[in-house]
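Here is a short tour to read alongside the coordinates. Keep the structure open as you go, and follow the strands and helices by name.

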Amino acid sequence: MEEQAIKVEKLTKRFGDFTAVDEISFEVTKGEIFGFLGANGAGKTTAMRMLCGLSIPTSGNASVVGFDVYEQTENIKRNIGYMSQRFSLYEDLTVIENIKFFGGIYGLRNKQIKEKSDSLIERLGLQNETKKLVGALPLGWKQKLAFSVALIHEPQIIFLDEPTGGVDPVTRRQFWEMIYEISEKGITVFVTTHYMDEAEYCSRVTIMVDGRIEALDSPRKLKERFNVSSMDEVFYLLARGAKKAVI
Amino acid sequence: MKQFLIFIKKEFAHVLRDRRTLLILFGLPVVQILVFGFALSNEVKNSRVVICDYANDESSHKLISKIEASQYFDVEKITMTYNQIEKSFKEGKIKAAIVFPVNFDNDLQHLHKAQVQIISDASDPNTGNTINNYLSTIITDYQVQLIENIKVPLRISTEIRMLYNPQLKAAHNFVPGVMALVLMLVCVMMTSISIVREKEMGTMEVLLVSPYRPILVILSKAIPYLLLSLLNVASILLLSVYVLELPIIGSVWLLFLESTLFIITSLCLGLLISTRAKTQQEAMLFSMMGMLLPTLIFSGFMFPVENFPWVLRMISNLVPARWYYIIVKTVMVKGLGFSSIWKETLVLVAMTFFLLVVSLKNFKKRLA
């Protein structure tokens, strides 16, 4: 088993004249919670899409769980999970139907889906809600359910794109507990966020500015380096220099 | 394959759970058939007429009772003054008036020709025309009867024979039109909305990140709508045969085969719209403005394309529904076979192919 979950070397993506991602390089260790920060338009989403196999890079190299982002996107997709702030569940399907559908899409066998959904429902305490439409669930539950569904095929890495946008502080806190839990099980977490307090929870963070990586270290070391007391200030110091991005 | 079936099952769940979608899917064809069939018919029934009978003799009475007996006319009143007619027209009470001159019977008996004046309200030219035709037919009919009775050997008789549509049934024109309209609506609007909804909800991203192939996403979205549309075709045909009493003269199988082709054309159009539209509203607007209106105007079922200026005629050639309309009419009403519609079929195949290539290209570009 490889130690590095993600290896990125001079990865670049251009759209015409515009360079969205400019020769970024980094490595993510297995089981790490890797924070990916940056203002809107800094290139986070583009970088993440390339790593998920949704977008082919213009140049550079990258491998995700040992698979190449140019050639082996199929294999990458099989081994990663994905969740965005939009929760990505079907609101007009019931809890159990959503679980079955996403399990089915990943090619799990019926028996596996049954086992998975039973344990998932028990863990989330949704026993009485299985026949309810997802749209009728409170936001916090939807989010936890979406997170669990994103993990149903036992991926090695999970990509979380601003997973806690618009969620109350208590639910956010609980959500991070879930992230820690899976990280302890050895699943690598790749998370983008706008909340700097969340950045403090990460093992390491990168800060992207104008398509480049301006800083990459543990939150503690970054704060020491810039001689400030919070990640908020680190982010502000770096992002202020941006030309393209809007803060 | 199992993934594919799971996906299709999910699509059906979306459709069956949304009352609005269901209503559009199954309520719309029924309503349209009934509205077009009974309310918006081109036939003019129960038109009110006033008869001004200066003659007041045997022949005029016979002719009046013939008009009264017709289901097309309600004789409002029989008067003796011309002024009365004008008044009734101005009040909008009547559609037509018939004036018998003095000596009507006498002229007919001795001169062998007599005149009747028909005045009709031409503010709606089509209705006016139709009424004139009906009245002339009744009068000619009476003439023929007279000739038989008095055995005058030579008289001109006109033989009117309506090819394909002897009873001048309006249903012949609009059933193919409604089919084109409903299929266009269901396929284009429903598919584009259902794909755009996934984009809006963020579920499309999840599907694309999964190992499920994008092309299969599209395919499994299209298949439920293909099946539902075929069901729609069946229900429209059943309604038209059993409620409107319009028989299918040609081959039912050919009709279904051609309908399947048209459905696929429409699905491709829906796909194209979905690659362009960002929100469900946008998709709906695109489908309404871009598809529904041209179908209504250019397919030829509301307005005869032959009467358009050449620019509009050229545009009408680009509307898939126009070709489908011709096909359905040919098969269903005229009862002709594939040899008479192969050109139209070819046009539809070409359109489908073009739309498919363009929309798949667009779809792929969006992904990159």
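Strand β9 (residues 204-209) of chain A is mostly covered, with five of its six residues buried. A residue is buried if 20 or more other C-beta atoms lie within 10 Å of its own, exposed if 12 or fewer, and partly exposed in between, with C-beta atoms placed from the backbone. Please bear in mind that this is a predicted model, where local features need pLDDT of at least 70 and side-chain atom pairs count only at pLDDT 80 or more, while totals for chains, interfaces and linings use all residues. Residues are numbered from 1 along each chain as its sequence is written, chains are lettered from A and ligands numbered from 1 in the order in which they are written. Helices (H or I, at least four residues) and strands (E, at least two) are DSSP runs, numbered from the N terminus.

**The sheet of chain A**

- β9(A) belongs to an open sheet of six strands with mixed pairing, in the order β6-β7-β8-β3-β9-β10; two strands pair if DSSP finds at least two bridges between them.
- β6 (80-84) and β10 (212-217) of chain A stand at the edges with a single partner strand each, so one side of each has no neighbour in the sheet.
- On average, neighbouring strands of this sheet are turned by 15° against each other, direction ignored.
- On one side, β9(A) runs parallel to β3(A), joined by five bridges, and F36(A) has T206(A) as its bridge partner.
- On the other, β9(A) is joined to β10(A) by five bridges in antiparallel fashion, with I213(A) as the partner of M208(A).
- The hairpin of β9(A) and β10(A) has two residues between the strands, and D210(A) takes a positive phi near 50° there.
- Strand β3 (residues 33-38) of chain A also runs parallel to strand β8 (residues 188-192) of chain A through four bridges, where G35(A) is partnered by V191(A).
- Helix α5 (residues 139-150) of chain A lies across β6 and β7 (157-161), at about 160° to β6(A); axes are lines fitted to C-alpha atoms, for helices over the stretch in contact, and angles run from 0 to 180 degrees between N-to-C directions.

**Where the chains meet**

- 22 residues of chain A are in contact with 20 residues of chain B, a contact being two residues whose C-beta atoms, placed from the backbone, lie within 7 Å.
- α2 (73-79), β6 and α3 (95-105) of chain A each give two or more residues to the side that touches chain B, and α3(A) provides the largest share, four residues.
- The predictor gives the complex an ipTM of 0.84 and a pTM of 0.75.

**Chain B**

- Chain B has 14 helices and four strands, and 34% of its 368 residues count as buried.
- Strand β1 (residues 47-53) and strand β2 (residues 73-79) of chain B run parallel, joined by six bridges, with V49(B) opposite V75(B).
- Which 15 residues make up helix α13 of chain B? They are residues 320-334, reaching 21 Å from first C-alpha to last.
- α13(B) is largely enclosed by the rest of the structure, because 14 of its 15 residues are buried.
- Just after α13(B), G335(B) takes a positive phi of about 75°.

**Confidence in chain B**

- The mean pLDDT of chain B is 80, and 88% of its residues reach 70 or more; pLDDT is the predictor's confidence in each residue, from 0 to 100.
- Over residues 153-166 of chain B the pLDDT is below 50, and this stretch has seven contacts in the model beyond near neighbours in sequence.

Definitions and conventions. Expected span 1.5 Å × (residues − 1).
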